[in-house]
Every structure is written in structure tokens, then in C-alpha cells.
There are 4 protein chains.
Amino acid sequence: MRLEELRKLVYQANIDLVDLGLVTLTWGNVSGLDKESGIVAIKPSGVDYKDLAPENLVLVDLAGNRVEGDLNPSSDTPTHLELYRAFDRIAGVAHTHSDYAGMFAQARLAIPCLGTTHADHFNGEVPLTRMITQEEVEADYEGNTGKVIVERFERIDPQEMPAVLVAAHGAFAWGSSPERAVINSLALEKTAKMAWGTLSLAPEVPPFPEYLLRKHYQRKHGPQAYYGQKTGEQK
Amino acid sequence: MRLEELRKLVYQANIDLVDLGLVTLTWGNVSGLDKESGIVAIKPSGVDYKDLAPENLVLVDLAGNRVEGDLNPSSDTPTHLELYRAFDRIAGVAHTHSDYAGMFAQARLAIPCLGTTHADHFNGEVPLTRMITQEEVEADYEGNTGKVIVERFERIDPQEMPAVLVAAHGAFAWGSSPERAVINSLALEKTAKMAWGTLSLAPEVPPFPEYLLRKHYQRKHGPQAYYGQKTGEQK
Amino acid sequence: MRLEELRKLVYQANIDLVDLGLVTLTWGNVSGLDKESGIVAIKPSGVDYKDLAPENLVLVDLAGNRVEGDLNPSSDTPTHLELYRAFDRIAGVAHTHSDYAGMFAQARLAIPCLGTTHADHFNGEVPLTRMITQEEVEADYEGNTGKVIVERFERIDPQEMPAVLVAAHGAFAWGSSPERAVINSLALEKTAKMAWGTLSLAPEVPPFPEYLLRKHYQRKHGPQAYYGQKTGEQK
Amino acid sequence: MRLEELRKLVYQANIDLVDLGLVTLTWGNVSGLDKESGIVAIKPSGVDYKDLAPENLVLVDLAGNRVEGDLNPSSDTPTHLELYRAFDRIAGVAHTHSDYAGMFAQARLAIPCLGTTHADHFNGEVPLTRMITQEEVEADYEGNTGKVIVERFERIDPQEMPAVLVAAHGAFAWGSSPERAVINSLALEKTAKMAWGTLSLAPEVPPFPEYLLRKHYQRKHGPQAYYGQKTGEQK
């Protein structure tokens with residue numbers, strides 16, 4: 001993929017994130033990785049979405065060195081890079097403070113799987129990280145945010161669980177492209193909203209049966225997936 | 001009805017479902033039946049709504065054989081067909097994971113009738129199916145989802161109750177046309193939202209009086225209906 | 001006022017009610033009274049808002065006789081007429097099933113005055129009617145709905161309280177014009193939403209002080225009102 | 001700054017407040033101060049936003065004398081002026097009755113800091129004023145509303161806390177320009193919504209750690225701020 005193409009994809013994904021109502025002010029960003037060159041394009045920090053253009057995205061390598069662009073990259077860049085380095089099959093990351101995912105993150109609660117809407121996208125509860133420590137904050141806040149996420153995924157496959165809640169912070173979602181990262185952010189927000197309302201109606205809702213979780217997840221994402229067209233659904 | 005006309009009606013109903021905010025991503029679909037020929041038009045599986053066109057809808061017969069179209073029909077097609085076979089006066093079915101109907105489905109609660117808004121559309125509480133079993137999921141998930149709905153309607157008239165919540169899943173609504181199925185999906189979602197908020201204000205709300213349910217339902221749908229114009233209101 | 005002008009005002013008020021998000025499907029209507037001639041223009045029953053035009057509004061006199069128009073007037077017409085006959089200074093009535101006002105009506109709770117937003121529009125809690133009886137429903141449902149409202153206002157000035165919740169039904173609001181009735185419907189819905197959320201945060205919220213209610217209501221509506229411009233604010 | 005320029009900025013900020021969904025009807029207003037001349041431009045009282053224009057804004061001096069304009073200034077003008085006189089680094093004030101901030105104000109609760117979204121904008125809980133007394137209401141309601149806010153900020157730096165909830169009333173936010181006051185109003189509303197939902201999920205949510213509040217606030221607003229571009233983020 002040429003870097004010009006990467007800029008366009010990442011630009012469009014950032015715009016989509018806003019148009020979908022997942023971002024207020026500048027509270028969010030999407031990046032994309034060109035796997036061949038190991039170059040990441042990301043939103044510049046604190047720039048209004050209305051001033052965003054493919055040309056003012058910032059390009060960095062996976063070690064965080066700025067390769068192209070005059071602006072500072074998003075202050076969350078080290079978190080994104082940590083995820084690209086640890087989750088080797090992803091090529092897009094989105095960060096949001098969307099309303100309902102944010103409520104669960106602030107409440108320090110994972111999002112339980114309560115129905116097929118959730119199961120279609122996330123293979124089980126969406127995990128919550130532990131709280132980042134004072135030492136981690138002081139040493140390298142954004143890098144350590146990434147490490148805390150990766151730590152949480154020690155026994156979770158990031159292909160089957162393309163999102164996480166960072167305690168008292170917000171959400172990160174990822175996928176095989178910047179566009180997929182945005183789609184997963186939207187699925188996360190809708191899933192969170194429905195879980196929030198379900199819990200208010202029925203605080204003691206019975207657990208979602210394992211066989212239905214497996215079925216829904218597999219029919220969309222498994223080797224015998226039959227949801228969608230022949231090309232299959234990408235994560 | 002010519003099949004070209006059926007394609008247009010079903011296409012428009014799918015677009016309306018999205019425009020009304022009842023569908024996120026590809027989480028929903030509408031089908032329509034041409035009663036003369038027994039042909040059903042339905043949304044192709046996993047196709048983005050922006051790429052949808054009357055031409056790429058899939059046509060199947062009531063036994064599920066594909067009659068026209070290169071794409072796979074919605075993975076929910078067997079559920080739709082089960083409903084058309086069992087409920088012989090309907091000609092449109094809509095499936096959604098809309099927010100508030102979804103919350104009740106996930107909470108495993110029927111939607112109680114709490115006011116005239118509900119009574120204008122649904123003759124009593126909107127029923128909840130039982131949970132589908134592991135055996136049913138493994139044998140024929142989507143077909144059995146339809147059978148579980150039909151089982152729930154053993155003593156309910158689908159003309160008087162044009163919607164159902166599938167436990168831990170979402171909603172199906174139906175009617176005399178694809179358009180009516182969409183209208184009933186919207187009435188269901190609004191009714192669910194109002195019930196959700198009512199229960200949060202007054203968990204012990206007194207039951208809605210039977211005489212008012214009967215009055216509201218009958219003035220709109222009964223033989224002496226006087227709501228609307230001479231042509232009457234269709235379900 | 002010429003009746004052509006009345007048709008335009010009532011048409012626009014109906015459209016505004018929809019555009020403000022206060023109406024789903026055909027669940028709402030606005031009427032307007034020409035005080036000189038005693039003629040009321042009202043929405044025809046069950047007609048889609050997209051098909052509404054000043055020409056297809058129905059004109060009736062205060063006794064309910066159709067004066068102009070081929071369509072049936074809204075089935076709620078007898079309720080509107082009851083209000084015009086009892087509240088002699090009003091010239092517009094709006095009926096909605098808007099979400100949050102509807103939740104309070106369904107929960108059978110008046111909307112308590114909890115803040116200045118409420119006090120700016122409603123001089124105290126927005127009252128709830130008693131439940132209509134079976135006899136009243138069977139004899140003359142819509143007319144008796146109006147009578148139940150009027151009964152509730154026996155000791156309330158409809159100028160100071162331009163809205164009511166009908167138990168298990170929805171809201172009626174009124175004012176000096178169809179436009180004012182719509183504005184009061186919107187104020188009611190917003191007030192209801194804020195009260196709903198306030199009660200979820202603080203079920204035991206202390207009462208709003210009488211001196212602040214008086215101040216806010218009077219600065220906008222009293223004889224020494226100083227809110228707005230010289231022409232004053234109409235109710 | 002020329003006063004023509006001030007009119008444009010204040011006009012645009014008022015329009016933005018509406019477009020962001022923070023204002024219903026005429027329930028809100030923004031003012032701006034030209035520090036050189038000590039002139040404040042503010043929305044006229046009770047004027048519909050659709051009729052607003054830079055030309056019909058009202059100009060007053062810091063003592064409240066009308067300098068330009070035929071219309072009455074917003075009835076909240078004395079509150080705005082009190083804030084400009086007491087908080088000497090601000091040049092914009094916005095007043096709203098936005099939904100979720102309004103719910104906290106009505107519930108008489110400060111907005112606790114529960115996550116980084118809040119910490120990015122507000123250095124700790126957003127304070128609630130005491131209830132204004134009957135004497136204060138009768139003597140000079142709007143001026144005393146400003147004094148009650150200023151009293152609440154005796155030990156709070158208005159630069160670090162650019163918003164307040166007035167008990168049983170609504171919100172005021174401010175900043176270095178009318179535009180910043182609007183941005184802070186939006187951040188307040190979103191923060192309030194997330195806090196509201198968080199508390200409904202987890203009434204006993206653990207406190208947000210002080211070290212994370214400090215970090216987030218400082219990386220955006222402190223002397224070593226590294227969020228945004230070189231020009232820094234203004235408050």
C-alpha cells in the first residue's frame with residue numbers, strides 16, 4: 001500500500017468516527033498501519049476534525065519516530081504503537097470516549113455478553129484493564145496505557161476480541177484496517193448502550209448461554225462462517 | 001404483484017428501517033412476500049445499506065430455494081420463511097436489534113402494556129420467546145428461531161400482535177406489507193423505550209386497565225374502527 | 001383571522017411538532033381556534049405527516065360539526081373541543097405521546113417542579129389526571145378524556161399551567177395560538193426528561209423553593225415580566 | 001478587537017450553542033468581553049435563535065449600562081457581568097439548561113470526576129453552588145446568582161474549573177473567548193451524561209485517582225502541556 005493511500009484511509013476513518021457520533025470535540029483518533037513499510041498514519045494532536053485533511057496526518061514508524069508531517073501526532077500515539085507491536089495481525093486502531101463504552105470504563109466494569117448483538121462482534125465479555133499505577137503514569141503514561149492493555153490480553157486473542165475498556169478512561173478498538181477499527185468502535189458503543197439499559201431493567205439477568213455465543217461468533221467469524229458473502233467478513 | 005414491484009417495496013422498506021434509526025451497521029433486514037407466486041424478496045447477507053439496490057435483493061421461494069440473485073440471502077432468511085409459512089395473512093417481516101426492544105429481549109422480559117401508545121399497536125404485552133436450546137441451535141439455528149417464535153404464538157393471533165422479542169437476541173415484527181412491518185418495528189421500539197423509562201420511574205406501576213386496552217386497540221383495528229380514514233388502518 | 005390563515009398556522013404547527021421530534025408516526029396532532037368565528041382547524045385522522053397540507057386540514061365548529069373538509073378529523077377532536085370550551089383564553093391545543101412526558105403519564109406521576117427550567121414555563125408541578133373509568137370510555141371516550149382534564153383543572157388556572165398528563169395515555173398542551181401549544185409541548189418534554197434524569201440521580205431531591213418558582217414564573221409571565229422584549233412573552 | 005468583530009464572535013458562539021444541542025427554545029445565551037474597551041456583547045432576551053444576527057446583539061459596559069442596541073439584553077446579563085468582574089482572565093461566558101448538566105443541578109449534586117474525559121477539561125469535581133436565598137432572589141436575582149457563583153469559587157481557580165452548576169437552575173461555563181465558553185459547555189454536558197450513566201451502573205464507583213487527574217489535566221493545560229500543537233490549548 002502506498003503511503004498516500006494509507007493517509008486517505010486513515011483520514012476517512014477519522015471522519016467516519018465523528019460522523020457516527022462516537023467523538024465529541026477532539027476526543028478520539030484513528031490510526032492505520034502499512035504492514036509492508038511498518039509506517040503508521042495517525043491524527044495530529046488536538047486538531048479540529050473540520051481542519052483535518054489527508055495531508056496533515058502524521059506518519060511515524062513503529063518505534064515512534066516521526067517520518068512525515070510537521071504537526072505533533074496524537075498524544076495517544078504510544079498507545080497505538082504498543083498495540084501494533086503486540087497484536088501482529090491488526091492494521092487499524094481507534095480510540096474513543098464514546099458515551100456508553102465510557103460509562104462502563106468509568107464504572108470499572110467489563111461489558112458482559114448479554115445477547116446476540118454482542119456475540120456477533122465480541123467473543124465474550126469486553127474486558128476491562130486494571131487501573132494504571134502512579135509509577136506507570138509518571139514514567140510513560142501513554143506507552144504504559146498500551147502495555148496495560150496488552151497485559152490484559154495475555155490470555156485473550158485480539159482477533160476474537162477487537163476492543164477493550166481502559167479503566168476510568170475510555171475505549172480502544174482495532175481490526176484489519178482503520179475502517180474495521182471504526183466499525184468495531186461503533187459495535188462496542190451500541191453493545192455498551194444495550195448492556196447498560198438491560199442491566200437497568202434486570203440487574204440479575206441470567207448469563208448468556210455459551211452455545212449461543214459460540215454459534216453467533218462462529219457463523220460470522222469462524223472457519224465455516226456463513227454470514228455475509230463469499231469474501232467473508234473481516235475483523 | 002410483479003416481482004420488480006416487490007423488489008422496490010422491499011428495497012424501500014430496508015432503507016426506511018435504517019433511516020428511522022432502527023438499524024446499526026448491517027444488524028437488520030426486511031423481507032416481503034408476493035402471495036400470488038409465493039416468492040420472497042430479502043436483503044442479501046452482510047451487504048452495506050449504502051450498496052443496497054432493488055437489483056441485488058435475493059428472491060427465494062417459501063421452501064428457501066434461491067430463485068433469483070447471485071448473492072447469499074440474509075442468514076436470517078429461514079426465520080422469515082418460517083413466519084410466512086405459519087402466519088398466513090402476513091406479507092412483510094422486519095428483523096432488528098433496535099436499542100430498547102433489544103434491551104427487553106436481553107433482559108428476557110416481555111414488554112408490558114403500560115399505556116395507550118402501546119395499546120394502539122399491540123393488543124397486550126409484546127411476548128418474549130423461550131430461550132432456544134443448544135440442540136435447536138446446532139440442528140438449524142435460524143429455522144428453529146422461527147419455530148420458537150411460532151410456538152410462542154400458539155395462542156396468540158399474529159394479526160393482533162405483530163411483533164415478538166426473541167430471548168437474548170432481538171425483535172421481529174411483521175404486517176400486511178414490508179412497509180407495515182417497518183412501521184410495527186418503529187412502534188415496537190418507541191413502545192419499548194417508553195416502557196423502559198416508565199419502569200425506571202415506577203417499578204410497581206399499576207396494570208393498564210383491560211377496558212382501555214380494548215378500546216384503543218379496537219378503535220384503530222377492530223371491525224368498528226374509527227381511527228384514520230375510510231380505507232381503515234392496515235396492520 | 002381568515003380561515004385560510006388558520007389552516008396555515010395549524011398546518012405549520014403540526015409540521016413543527018414532528019420536526020421537533022415530539023411525534024412518531026401519526027401519534028400527535030395540533031389544532032387551532034379562530035375565536036371570532038368559533039371554527040377549529042385540526043389534523044385529519046391517521047394521515048401521514050408527509051401528506052399533510054393546509055388544504056386537507058378539517059374544519060369543525062365548537063360543537064364538533066364538520067364545516068369544511070372531506071376527511072375525518074383526528075379521533076382526538078372531541079378532547080380538543082372540550083378544552084376550547086372550558087379554557088376560554090386558549091386558541092391552540094397540541095396532543096403528543098412524546099417519550100419522557102409519556103413515561104410520566106404511564107408511570108401515573110405528575111412532573112414535579114425541580115428547577116428553573118420547569119418554573120420558567122409551568123407554575124408548579126404539571127398535573128396528572130385521574131384514570132378514566134370504564135363507563136366514561138364506553139360512553140364517549142375522547143369527549144370524556146377532555147372532561148377528565150377539565151375536572152383536574154377545577155382549581156388550576158390553565159393560563160399558568162398550559163399542559164397536563166393524561167394517566168396512562170400522553171400529554172396535552174395549549175396556549176394562545178397553535179404555535180404556543182407546540183412550544184409548550186416541547187417545554188413539557190424537555191422538563192420531563194430533566195425530571196426523569198434528576199429523579200434517577202436523587203430520588204429524594206429536596207423540593208424546589210416556592211420563592212424561586214414564583215420569581216421565575218413571574219419574571220417571564222407576571223404583570224411585571226421583564227424577560228424578553230417589550231411585547232412580552234405570550235403563553 | 002473592534003466591536004464589530006466581537007459581535008460576530010458572540011453571534012457565532014450563540015449559534016454554535018444551539019447547533020450542538022445545548023439549547024432548547026431560548027434557554028441559553030453566550031456573551032463575550034472586549035477586554036480593551038470593557039464592552040460586553042450579549043444575546044437579546046427571549047429572541048428566537050433564528051432571528052438572531054450580529055446586528056441585534058446588545059452591547060453593555062461592565063457596570064451594566066446599555067451602550068448599543070435597542071433590545072433588552074438577556075435577563076441573565078447581571079450574572080454574566082458578575083463573572084467578568086470577578087474572574088479577570090475570562091472573555092466569554094455561556095449559560096445553558098442542557099439536559100444532563102441540568103439534571104445534576106436539579107439533583108443538587110456536583111459532578112464527580114470519574115474519568116479522564118472529565119479530567120481533560122475540569123481539574124476536579126464540577127462544583128455546585130449553594131441555593132440562593134429568598135432575600136437574594138428578591139433583592140437582585142440575576143446579580144446575586146453571579147455573586148453566589150463567585151462565592152463558591154472563593155478557593156477555586158476559575159482557570160482550572162471553567163464551569164459551575166447553579167443549584168436547581170442550570171450551568172454556566174466560561175473561557176478565554178466566547179468560543180471557548182461554548183466548548184466548555186459542551187465538555188460539561190458530555191461529562192455530565194457520562195457521570196450520570198456511570199452512577200446508574202455503579203453507584204459506589206471508587207474515586208478517580210488524584211495522580212491521573214493531575215496527569216490528564218496537566219498534559220493538556222499545565223506549563224509542560226504536550227497535548228495539541230505548539231500554540232497550546234486555550235481554556
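**Entry 1. The side of chain C that meets chain B**

I count two residues as in contact when they have heavy atoms within 4.5 Å of each other. The model I examined is predicted. By this criterion I found 34 residues of chain C in contact with 36 residues of chain B. I then looked up the area: chain C and chain B bury about 3000 Å² between them, and 57% of that lies on carbon and sulfur atoms.

I turned next to the charged and polar pairs. Between chain C and chain B I noted four salt bridges. I looked up the pair C:Asp76 and B:Arg219, which form a salt bridge with their closest N and O atoms 4.0 Å apart. Across the interface of chain C and chain B, 16 residue pairs are in polar contact, with both residues at pLDDT 80 or more.

I also asked which helices of chain C supply the side that touches chain B. At least two residues each come from α3 (99–107), α5 (134–152) and α6 (178–201) of chain C. The largest share of that side, seven residues, is from α3(C).

**Entry 2. How the chains are related**

I recorded as background that two copies of a chain are related by a rotation about an axis and a shift along it. I noted that the two copies use different surfaces, since 3% of the contact residues of chain C recur in chain B.

I repeated the look-up for chain D on chain C and read a turn of 90°, a shift of 0.0 Å along the axis and an RMSD of 0.0 Å. In chain D the C-alpha nearest the axis belongs to D:Ser200, 5.5 Å from it. Here too the copies use different surfaces, with 3% of the contact residues of chain D recurring in chain C.

I then checked two further pairs of chains. Chain A and chain C do not touch, and their nearest C-alpha atoms are 11 Å apart. Chain B and chain D do not touch either, and their nearest C-alpha atoms are 11 Å apart.

**Entry 3. The sheet of chain D**

I traced an open sheet of seven strands in chain D, in the order β4-β3-β2-β1-β5-β7-β6, with antiparallel pairing. Which strands stand at the edges of this sheet? They are β4 (66–68) and β6 (163–166) of chain D, each with a single partner strand, so one side of each is left without a neighbour in the sheet. The twist averages 25° from one strand to the next.

D:Leu59 stands opposite D:Glu68 of β4(D).

**Entry 4. Helices over the sheet of chain D**

Helix α2 (residues 77–86) of chain D lies across β1 (28–34), β2 (39–42), β3, β5 (92–96) and β7 (170–175) of that chain, and runs at about 40° to β1(D). Helix α3 (residues 99–107) of chain D lies across β6 and β7 of chain D, running at about 55° to β6(D).

Technical notes
Residues numbered from 1 in each chain as written. Chains lettered and ligands numbered in written order. Predicted model: local features only at pLDDT ≥ 70, side-chain atom pairs only at ≥ 80, totals over all residues. Heavy atoms only, no water. Pairing = 2+ DSSP bridges. Helix = DSSP H or I, 4+ residues; strand = E, 2+ residues; numbered from the N terminus. Axes fitted to C-alpha atoms, helices over the stretch in contact; angles between N-to-C directions. Buried area = accessible area lost by both parts, 1.4 Å probe. Salt bridge = Lys/Arg side-chain N within 4 Å of Asp/Glu carboxyl O. Polar contact = N/O pair within 3.5 Å; in protein donor to acceptor, adjacent residues only side chain to side chain. Least-squares fit on C-alpha atoms with pLDDT ≥ 70 in both.
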